[in-house]
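Try each task before you read the solution under it.

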Amino acid sequence: MVKKVTSTSKNFDPAVVWAILEEVKDPEIPVLSIVDLGIARDVQESNDGLLEIIISPTYSGCPAMYMLEEQIKETLVNHGYPDPIVTTKLSPAWTTDWMTDAGKQKLEAYGIAPPEKTTSNKSVLFGGQKKISCPKCKSNNSEQISEFGSTACKALYRCLDCLEPFDYFKCI
Amino acid sequence: MTELSKQDALVQYTAQIADNGLIIGHRMSEWCFRAPAIEMEMALMNCALDMIGQARELYSYAAKTQGEGKTEDDFAYLRDERDFRNALLTEIPNGDWGDTIVRLFFMSAYNELFFKALATSTDAELAAIGTKSLKEVTYHLRFSSEWLIRLGDGTEESHTRVQKSIDDLWIFTGELFTMTDAENMLLTDGISVDVTTLKTPWDQKISEVLTRATLTVPTNDWAQLGSKSEGLHTEHFGYIITEMQYLQRRYPGCEW
């Protein structure tokens, strides 16, 4: 049974809310939830005593953000939380480092190469390009076709062994 | 002349940064279905999306600061030509692939320095937008730099044409490093960026990439000004907002 939030006290269980947020998937990458992606940052009680979810957008122009906001609200309402608030926070800026390990595994199983471990290594210009492992055959013998893929968060690669083209989730 | 309030200055400043993103983003989106290869088209659309996304965050903040109940849409769709203070460079027509790449390169090299500085603004919202935008701009700069090298150090034809793009667009770069009254006013509080200090590192970056591309940096120092300080645009600008604002002007309040 899910507890309801009233205006008098913080009587929702954050762990339960986090579990519900797992149900909200990224519309572009339906195997990943907003928790896996690190988009959902915090679950808290607003000043008005309502349940408030803090989210952080991946890219400034990500067209999925509005839809995600609506989906979060809808999912929470369906679980018995009236009038949830979704607040977007830009700082600290979202980074692929926030993606969970479970998320990275799901991403690879889905056919998208997960982001490299850390964003701190920035070979900005004429970048010493990293070898990305092919999500199909695991070969490291791949090449970048384009740094910009089907969505803002992905780059296009091609495996030179199994010849399969694949998406790589860029590090930012 | 009426005295500029701090609040008005912040609104003007924020909207002016947004204008750059909206207008160059719009120009780049005009390449949709016209780029030489699908990967290049997706790259330009990705960059355009980042820029328009940055503009939306900034317009929303300007609207909030203004406190008149307006939204980002009022700024984009319901202001007149003279109210837009984007750099002239952003509104120049796309031309050929080389022209588009050179403009993106000049702007990204500027934006990388600008957003890095904005990330240290004493205004928390502007600092957050600066930090976020910097990550995106890094990709734009790398993409345009690599193309510039490919074109400059490519064939005789591509070299000649991209050198002409550089020479043609050069006069519009000086405006980026001029200060408006709003920028000067906000500088004392550490809110705005002193863009005059960005000129030297920008020149260095341009020279570094152009040298690698076997291209020549123009020596002409004359700069075409007008838009950033006064909203005086090139003759091309009216056509941009005519297309962009058509729906909201014809059907006020129309929603998706």
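**Exercise 1. Find how many bridges join strand 1 of chain A to strand 2 of chain A, and how the two strands run.**

Solution. Five bridges join strand 1 of chain A to strand 2 (residues 51-55) of chain A, and the two run antiparallel; here helices (H or I, at least four residues) and strands (E, at least two) are DSSP runs, numbered from the N terminus, and two strands pair if DSSP finds at least two bridges between them. Finally, the two strands form a hairpin with five residues between them, and in the turn A:Gly49 has a positive phi of about 80 degrees.

Before going on, note that this is a predicted model, in which local features need pLDDT of at least 70 (pLDDT is the predictor's confidence in each residue, from 0 to 100), side-chain atom pairs count only at pLDDT 80 or more, and totals for chains, interfaces and linings use all residues. Residues are numbered from 1 along each chain as its sequence is written, and chains are lettered from A and ligands numbered from 1 in the order in which they are written.

**Exercise 2. Work out the strand order of the open sheet of three strands in chain A, and name its edge strands.**

Solution. The order is 1-2-3, with mixed pairing. The edges are strand 1 (40-45) and strand 3 (85-88) of chain A, each of which pairs on one side only.

**Exercise 3. Do likewise for the open sheet of four strands in chain A, and explain what is found at its edges.**

Solution. The order of this sheet in chain A is 4-7-6-5, and the pairing is again mixed. Strand 4 (112-113) and strand 5 (142-146) of chain A stand at the edges with a single partner strand each, so one side of each is left without a neighbour in the sheet. Within the sheet, strand 6 (residues 154-159) and strand 7 (residues 165-169) of chain A run antiparallel and are joined by five bridges, and one of the pairs to look for is A:Leu156 with its bridge partner A:Asp167 in strand 7.

**Exercise 4. Describe the secondary structure and the overall form of chain B.**

Solution. Begin with the count, which is 11 helices and zero strands for chain B. The radius of gyration, taken over C-alpha atoms, is 18 Å, close to the 18 Å that the globule rule (2.2 Å times the number of residues to the power 0.38) gives for 256 residues, so chain B is as compact as a globular protein of that length. Along its principal axes, the C-alpha trace of chain B spans about 55 × 40 × 30 Å. The mean pLDDT of chain B is 96, and 99% of its residues reach 70 or more.

**Exercise 5. Decide whether B:Trp97 is buried or exposed.**

Solution. A residue is buried if 20 or more other C-beta atoms, placed from the backbone, lie within 10 Å of its own, exposed if 12 or fewer, and partly exposed in between. B:Trp97, which lies in helix 5 (residues 97-118) of chain B, has 20 other C-beta atoms within 10 Å and is therefore buried.

**Exercise 6. Find which helix of chain B supplies the largest share of the side that touches chain A.**

Solution. First, 23 residues of chain B are in contact (C-beta atoms, placed from the backbone, within 7 Å) with 18 residues of chain A. Helix 2 (38-66) and helix 6 (124-152) of chain B each supply at least two residues of this side, and the largest share, 13 residues, comes from helix 6 of chain B.

Terms used. Contact = placed C-beta atoms within 7 Å.
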